[in-house]
Amino acid sequence: MKDLSREIVSRINKISRPVKIMHVCGSHEHTIMQHGIRSLLPEEVEVVAGPGCPVCCVPAREIDECVELARQGVTITTFGDMLRVPGSYGSLADAKAEGADVRIVYGVNNAVEIAKNLDREVVFMAAGFETTAPTTASAILSDPPENFSVLSCHRLIPPALKFLIESGEVNLDGLIEPGHVSTIIGTRPYIPFSRDYGIPQVIAGFNPIDVLLAVYMILRQIRNGEAKVENEYRRVVREEGNVKAQEVMREVFFVTSREWRGFPEIPDSVYEIKDEFSDFNAREKFDIELGDVVECPTGCICGAVLRGVARPEDCSLFRSECTPTNPVGACMVSREGTCNIAYRYSSF
Ligand code: SF4
């Protein structure tokens, strides 16, 4: 393994040039930080993290919706990471501390089971990219109990990439595409970014060799004057993706536009539940009235971190007021968050 990584780094050095490469995956950031990959690369090869943490990307307004439902007496079920993500006026953990029924589940099926055994309304806050959306869709298609519904916070990666590229805020020379998401959507949705914007892309797995290879393959495309989608993660990702999962998502969801944390409304970037399943759509089932939305706590630069224009170390609260035990912003809450990962692995 060491010999192989040395060989790849040597090849990277031979074709190195000043480039900025973005990845959009918390697992990639974890691999990069855990294995010190940035320190192995030439200084001129910069790898930045984009909006790759599905928990961090959920905007304050969607947290507020769940907190409001919890305060109305609805049982909220969601992944553990979501509990401490700040909304405008508190988190789900705060609502729980006030007496609301907020429960951690490992998946939507746990939430359905809770609903079957409870005599009250149960909402599953469904966060995640294309990777987790199929399981939510399957649960809705599997005749869940009447007191169960979903508040969809599912987001799609390609529209966010398009938005980032077109915004011009980050001058991207290459993209490392997320392996897990690509397992579901396949390789084709990325083609326009190479064809229309000339960006080299590599779909990569999650071990250090995968990431180093992806960097090398992007540099090789740049050297050869190419811009295409290459699949380094062939052992898992197929060109067509998971067709069955795509069908299930198409059956239950439609694609609409909504803001992400750190981003304004991104066109066609979220999954919402179709009208024929509105009985299981918490937004249709309940009146959810919200006050003004406060996107980030004072001093938190999560938005800039998620857009890849700042690192956690640029935030004055990093490691002082903001730590994993006392997170100020969303990016410090989840173990997939860039700030949380930086806290655990950077020596800054
Ligand atoms: Fe926000 Fe904390 Fe990250 Fe600063 S260190 S950007 S406060 S999450």
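Two strands pair if DSSP finds at least two bridges between them. In this predicted model, an open sheet of 4 strands is built by parallel pairing in the order 4-3-5-6. Strand 4 (102-104) and strand 6 (148-154) are the edge strands, each pairing on one side only. Averaged over the sheet, neighbouring strands are turned by 25 degrees against each other, direction ignored.

Within the sheet, strand 3 (residues 75-78) and strand 5 (residues 122-128) run parallel and are joined by 3 bridges. T77 has F124 of strand 5 as its bridge partner.

Helix 6 (residues 108-116) lies across strand 3, strand 4, strand 5 and strand 6. Relative to strand 5, helix 6 runs at about 175 degrees. Two packed helices are described by the angle between their axes and the distance between the axes. For helix 6 and helix 7 (residues 133-141), the angle is about 30 degrees and the axes are 9 Å apart. Angles under 35 degrees count as roughly parallel, and helix 6 and helix 7 are therefore roughly parallel to each other. On the helix 6 side, the contact is made by V108, N109 and V112; helix 7 contributes T135, T136 and A139. By class, this contact has 3 nonpolar, 3 polar and no charged residues.

**Domains**

The chain is divided into domain 1 (1-289) and domain 2 (302-342). Taken over C-alpha atoms, the centres of domain 1 and domain 2 are separated by 17 Å. Their contact takes 23 residues from domain 1 and 18 residues from domain 2. On the side of domain 1 that touches domain 2, the elements giving two or more residues are helix 2 (26-34) and strand 2 (45-49). Helix 2 gives the most to that side, with 4 residues.

**Ligand shell**

The ligand is surrounded by 14 residues, of which the closest are C300, C315, C322, G329 and C339. Helix 14 (302-306) and helix 15 (330-333) are the elements that give two or more residues to this shell.

| Contact of helix 6 with helix 7 | 3 residues | 3 residues | no residues |

Note on methods:
Residues are numbered from 1 along each chain as its sequence is written. This is a predicted model: local features need pLDDT of at least 70, side-chain atom pairs count only at pLDDT 80 or more; totals for chains, interfaces and linings use all residues. A residue is near a molecule or strand if its C-beta atom, placed from the backbone, lies within 6 Å of it. Axes are lines fitted to C-alpha atoms, for helices over the stretch in contact, and angles run from 0 to 180 degrees between N-to-C directions. Two residues are in contact if their C-beta atoms, placed from the backbone, lie within 7 Å. Angles under 35 degrees count as roughly parallel, over 145 as roughly antiparallel, 65 to 115 as roughly perpendicular and the rest as oblique. Ala, Val, Leu, Ile, Met, Phe, Trp, Tyr, Cys and Pro count as nonpolar, Asp, Glu, Lys and Arg as charged, and the others, Gly among them, as polar. Domain bounds come from an automatic or database domain assignment.
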